[in-house]
Amino acid sequence: MKQFYDFKIEKIKNLSSKDKNLRKKNLEVFNKNGFPNKKDEDWKFTDLNKILSQNFKNIVNKDFSLKNKKLELIKEFEHNYISLLNGKLISSNFSYEEKNKISLENYNYNNKIIFDKKNSLNFLNDALATGGFSLEISKNYKLNKPLVIYNHFSNSLKETIVNYKNLIILNENSKLNLINYVNESIQENFMVNTIENIKIKKNSSLSNIFINNSKCNGYFYKYIQSNLEKNSNFENYLFSSGLKFNKIDIVVNFNEEHSKSSIFSALNLNNNEHQEIKTRINHNSPHCQSFQKIKDVLSDESKGVYQGKIFVKNNAQKTDAYQLSRALILDGNAEFDAKPELEIYADDVKCSHGSTSGSIDLNSIHYLKTRGIPEKEAYKMLINGFLIETLEKLAEGKLKNFLIKKLERQINGY
Amino acid sequence: MLHIKNLEATIDKKHILKGLNLSIKPGEVHAIMGPNGSGKSTLANVLSGKTGYETKGQIQYNGESLNDLSTEERAQKGIFLAFQYPLEIPGVNTNIFLRTSLNSVLKAKGEKELDTLTFLKLIKEKAAELGIDEKFLSRQLNVGFSGGEKKKNEILQMKLLQPKLSILDETDSGLDIDALRIVADGVNSYKNTENAFLIITHYQRLLDYIKPDYVHVLSNGKIVKTGSADLGMQLEKTGYKNLI
Amino acid sequence: MKTEDLKNTKEYKYGFTTEVENIRSPKGLNEDTIKFISNIKKEPKWMLEWRLKAFNRLKVLKEPDWQKPKYPKINYQDLYYYSAPKSASNKPKSLEEIDPKILETYKKLGIPLNEQKRLNGIAVDAVFDSVSVATTFKDELTKKGIIFCSISEAIQKHPELVKKYLGSVIPLSDHYFATLNSAVFTDGSFVYIPPNTKCPMELSTYFRINASETGQFERTLIIADKGSYVSYLEGCTAPMRDENQLHAANVELVALDDAEIKYSTVQNWYPGDEKGVGGIYNFVTKRGACRGKNSKISWTQVETGSAITWKYPSCILQGDNSVGEFYSIAITNNFQKADTGTKMIHLGKNTKSRIISKGISAGNADNMYRGLVDINKKALNSRNYTQCDSLLMGNKCGAHTIPYIKNNNATSTIEHEATTTKINEDQLYYCNQRGLDQEEAVSLIVNGFCKEVLQQLPMEFAVEAQKLVAISLEGSVG
């Protein structure tokens with residue numbers, strides 16, 4: 001296969017020689033392994049190397065010059081925001097919050113974190129990452145309004161990869177609602193490879209929502225590692241749709257007792273979109289609860305993949321873990337693949353998973369039609385109902401209404 | 001209103017209706033009784049235009065052939081089917097479903113669609129008539145409803161959509177006596193000289209409350225006997241055996 | 001089961017050795033060994049060529065390492081690939097000619113080969129190390145045109161059938177152990193059911209590993225011709241030894257139009273002692289092809305033995321309307337490891353598959369379900385239902401479920417469910433309150449947990465299997 005990428009450390013400015021060497025080593029590891037393919041258990045259903053080679057001629061890394069981009073703010077609900085351009089922090093606004101309770105800085109690359117040693121995209125990120133942010137919420141502070149992270153990308157990203165890292169720390173007894181928002185309609189193919197490190201301390205709560213406003217030709221991979229202390233709560237809502245390729249890879253580590261984590265996902269895919277969710281829930285401590293509910297609606301030649309693993313260590317008694325993935329396949333060329341996995345070493349636990357895939361229920365369609373609802377409407381209604389169920393647990397309010405609207409927009413077409 | 005001539009229906013290579021004839025005029029109540037497997041539900045499905053059946057014969061409705069009309073077109077023209085087993089549709093809010101349904105029917109009739117407020121007022125009224133708690137309306141369609149609640153929901157939909165021909169498929173099954181009375185009252189209050197009913201049932205029970213003008217006995221895909229309301233009572237005593 | 005019975009069976013009761021004089025191939029895996037095997041079996045030339053082709057392929061294949069149960073490297077040059085009782089080197093023509101010691105062995109195993117003494121009408125092919133020593137009820141079967149004999153005999157007498165079907169489901173170069181088997185297989189059973197014939201009795205093979213330092217590589221081929229039916233049972237035991245022994249079998253099933261094959265296994269190879277020393281490595285490739293329309297293949301397995309079990313009885317659903325089933329109980333105790341499951345490959349239209357897997361893990365054992373359900377784009381209106389339940393006893397053991405699910409089709413439905421639980425305390429308490437002791441109660445509850453699978457087994461086997469379930473979990477509660 002022809003080499004379709006060419007990454008150079010030299011393109012990153014202002015590196016110390018030590019940093020440069022370290023990055024070179026990481027790049028060597030990546031170059032040796034290349035982009036992942038189906039031989040990699042974590043990519044069992046997806047040959048990323050092939051997908052990229054078919055869509056890119058020569059992917060490169062660049063040093064981006066910072067330009068300000070005009071922000072189009074969400075009007076539906078009041079919020080704080082952080083704005084990133086090509087992964088770099090360009091502006092922020094916390095006008096709804098108390099001063100000195102929130103610290104926001106550029107990501108400090110001197111803080112090395114060890115990630116998945118088998119993940120070649122992590123090595124690539126370690127080699128090339130620049131930009132990103134560190135966000136820290138003070139002890140006992142609960143944000144009044146949600147925080148939106150506007151992810152913008154410039155039009156000059158054709159055949160380019162963007163790598164960056166974020167760090168999010170919630171100190172004891174704090175609370176944050178995050179919305180990751182992509183509003184781009186770039187027609188050129190580009191890549192984004194992100195690592196996010198999340199620390200949730202005692203009694204704290206983070207909700208993390210991913211949503212896209214429009215379609216663009218991005219190929220995204222995001223690796224999220226989260227570490228949870230006692231009595232904490234980590235919720236994720238993944239609605240991001242509209243990218244050519246998207247994989248969100250979430251690791252949740254329950255390091256102390258009595259914590260909770262949930263992951264809800266609703267994806268409506270069409271054309272040849274490919275979206276993948278991978279979750280790994282590590283129950284390393286007793287009395288924790290985890291819940292995943294993944295729903296995909298697949299049309300045309302789209303492909304949805306869910307790989308979810310629940311791991312329960314032998315001391316993690318009283319674990320309550322449940323996972324469900326369901327897919328509606330609307331066209332003969334669409335595909336849904338799943339690998340729901342359990343690895344359990346403690347006996348006093350409740351762990352189960354379910355996975356179903358198949359066509360839409362024609363009896364339900366018939367029922368709706370007998371009430372005078374046209375077939376096309378009936379389909380939309382069922383699809384909407386199928387996906388919107390994932391929002392059940394979210395508190396009523398402007399944010400929820402906003403998400404419902406976005407989801408409906410995805411279903412009705414952009 | 002409805003003229004069925006020599007109707008045959010086959011599904012999965014099983015020949016179920018084998019030449020059925022039936023005529024219904026406005027204002028009439030017809031009951032179809034018959035043992036299990038005689039084709040009662042098939043008749044309801046075929047009239048509603050459910051796909052999957054191969055049919056032969058004629059179905060005329062208000063002078064128009066139904067054969068080529070889709071399920072929703074039939075519904076929009078005033079044919080209503082109350083299901084034996086109403087489907088649970090998770091994630092779909094009952095109110096939103098009812099409004100979409102009513103507006104589709106109104107739109108097809110060329111009438112003005114209802115805005116949210118007008119609709120809510122109307123639905124609350126109708127629900128109150130049937131003793132349905134408002135809370136049901138904000139729940140997911142039929143999800144977690146009891147048998148009685150589902151059937152009441154079907155009658156609510158009937159009263160809302162105001163059909164000309166209402167087909168009730170085993171609406172009495174699974175109902176306790178109170179729910180049965182509410183359902184029957186709902187039907188009776190909607191009865192007038194313009195609307196017709198086709199009540200499909202296994203037992204006489206429902207017919208104690210909704211008095212039919214005609215009772216037909218369906219057996220092996222054909223109507224084998226037609227009579228007045230007395231026929232139903234007679235069947236209750238003697239069973240189907242003597243007739244078929 | 002009564003407590004006294006349990007005590008009597010506390011140890012692996014099939015662990016004895018039979019002293020018979022053996023003929024062995026020289027140690028080691030090479031062309032000479034393969035020629036030795038082929039020669040001693042008086043095989044035709046095409047068969048030897050087939051074996052050598054497999055051997056050449058084996059040279060470039062790598063031993064797989066993706067499976068969870070790791071095992072020490074096997075020295076393939078330090079094994080015997082052929083071992084047979086001297087007395088059986090020419091297959092005995094009648095029971096009188098069989099070495100009385102071997103007859104005694106099978107009697108001890110509860111498989112009397114003497115037809116007169118058998119009431120339950122099961123025809124048995126008995127495989128002792130590398131050779132088939134006896135096949136019973138042959139005459140009766142021959143009358144119906146059914147062929148039931150050792151694979152060695154089939155190669156000689158029915159070469160056209162063997163040539164046509166051998167390797168047609170598991171190709172020569174499938175994977176390391178399957179290819180190894182193709183090169184060195186020594187014996188096994190062959191079944192052919194002619195068109196429109198219902199086999200009048202259960203057919204069964206009983207495998208026994210006796211000799212030490214010997215690998216057993218048997219090969220089974222079952223062909224159900226159009227409109228036929230056969231139920232086939234397989235049982236296995238081995239002596240207690242502190243070495244690990246390799247058992248790498250291949251089983252191929254072919255069902256043509258409207259045919260049905262039911263294949264049941266009760267695997268009770270020596271599992272090693274409670275410290276994990278010794279035991280059989282059971283690396284088996286089992287695969288069935290539903291080649292004809294409306295055909296059906298049903299696998300049922302009760303896996304209680306072996307140090308490591310590693311097998312995935314699979315179905316390739318090629319024919320339209322064909323059906324594949326997999327019912328499995330895998331029990332691991334002490335240091336046993338099981339990595340088992342199935343593959344259901346849907347290629348034909350309206351194909352259906354059903355998977356019921358029950359894994360029970362106790363002691364320090366590891367139990368894994370690994371499965372693939374793949375519904376092809378062309379397999380319209382197909383369905384799969386999978387249920388995988390695991391039961392854990394204690395927190396030193398593990399249960400692992402890895403299903404791979406691929407749905408490539410808008411008209412097909414896949415449903416998968418899995419749960420992991422422990423024995424319900426309330427149920428135990430209820431049983432105790434009714435006077436059952438802990439072990440009896442556990443045995444009762446575990447048998448209940450496995451019921452869906454046990455009821456798939458033929459009557460005689462089901463009773464045996466229930467006892468095995470109880471014995472295998474000996475000492476796991478306390």
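**Close-up views of a predicted three-chain model**

**Figure 1. Contacts between the chains.** Chains A and C share the most contacts of the 2 pairs of chains in contact. The model shown in every view is predicted. Chain B and chain C are not joined by any contact. The closest C-alpha atoms of chain B and chain C lie 13 Å apart.

**Figure 2. The two domains of chain A.** Chain A is divided into domain 1, residues 5–256, and domain 2, residues 364–414. In the contact between them, domain 1 of chain A takes part with 15 residues and domain 2 of chain A with 13 residues. The centres of the two domains, taken over C-alpha atoms, are separated by 30 Å.

**Figure 3. The interface between domain 1 and domain 2 of chain A.** About 1300 Å² is buried between the two domains, and carbon and sulfur atoms give 71% of this area. The count of salt bridges between domain 1 of chain A and domain 2 of chain A is 0. Polar contact is found across this interface for 3 residue pairs. On the side of domain 1 of chain A that touches domain 2 of chain A, strand 9 (175–182) and strand 11 (205–212) each supply at least two residues. Strand 11 of chain A gives the most to this side, with 3 residues. By class, this side of domain 1 of chain A has 8 nonpolar, 5 polar and 2 charged residues.

**Figure 4. The salt bridge of A:Lys145 and A:Glu78.** Side chains of opposite charge can pair when their charged atoms come close. Here the side chains of A:Lys145 and A:Glu78 meet in a salt bridge, at 3.0 Å from N to O. A:Lys145 lies in the loop between strand 6 (133–137) and strand 7 (147–152) of chain A, and A:Glu78 lies in the loop between strand 2 (59–61) and strand 3 (80–85) of chain A, so the pair ties together parts that are 67 residues apart in sequence. A:Lys145 counts as partly exposed because its relative accessibility is 26%, and the limits for that class are 20% and 50%. A:Glu78 is also partly exposed, with a relative accessible area of 43%.

**Figure 5. The salt bridge of A:Lys318 and A:Asp348.** The side chains of A:Lys318 and A:Asp348 meet at 2.8 Å, N to O. This pair links distant parts of the chain, 30 residues apart. A:Lys318 is in the loop between strand 18 (303–312) and strand 19 (320–329) of chain A. A:Asp348 is in the loop between strand 20 (335–344) and strand 21 (350–358) of chain A. With 47% relative accessibility, A:Lys318 counts as partly exposed. A:Asp348 counts as partly exposed at 22% relative accessibility.

Figure 6. In chain C, the closest N and O atoms of the salt bridge between C:Lys286 and C:Glu234 are 2.7 Å apart. C:Lys286 is in strand 13 (residues 279–290) of chain C, and C:Glu234 is in strand 9 (residues 229–237) of chain C. The two residues are 52 residues apart, and the pair links distant parts of the chain. Both C:Lys286 and C:Glu234 are buried. In chain A, salt bridges that share partners join A:Glu41, A:Lys44, A:Lys309, A:Lys339, A:Glu341 and A:Glu343 into one network. Over all chains, a search of the whole structure finds 48 salt bridges.

Terms used:
Residues numbered from 1 in each chain as written. Chains lettered and ligands numbered in written order. Predicted model: local features only at pLDDT ≥ 70, side-chain atom pairs only at ≥ 80, totals over all residues. Heavy atoms only, no water. Domains from an automatic or database assignment. Contact = heavy atoms within 4.5 Å. Buried area = accessible area lost by both parts, 1.4 Å probe. Salt bridge = Lys/Arg side-chain N within 4 Å of Asp/Glu carboxyl O. Polar contact = N/O pair within 3.5 Å; in protein donor to acceptor, adjacent residues only side chain to side chain. Helix = DSSP H or I, 4+ residues; strand = E, 2+ residues; numbered from the N terminus. Nonpolar A, V, L, I, M, F, W, Y, C, P; charged D, E, K, R; others polar. Buried < 20%, exposed > 50% of the residue type's maximum accessible area, 1.4 Å probe, protein only.
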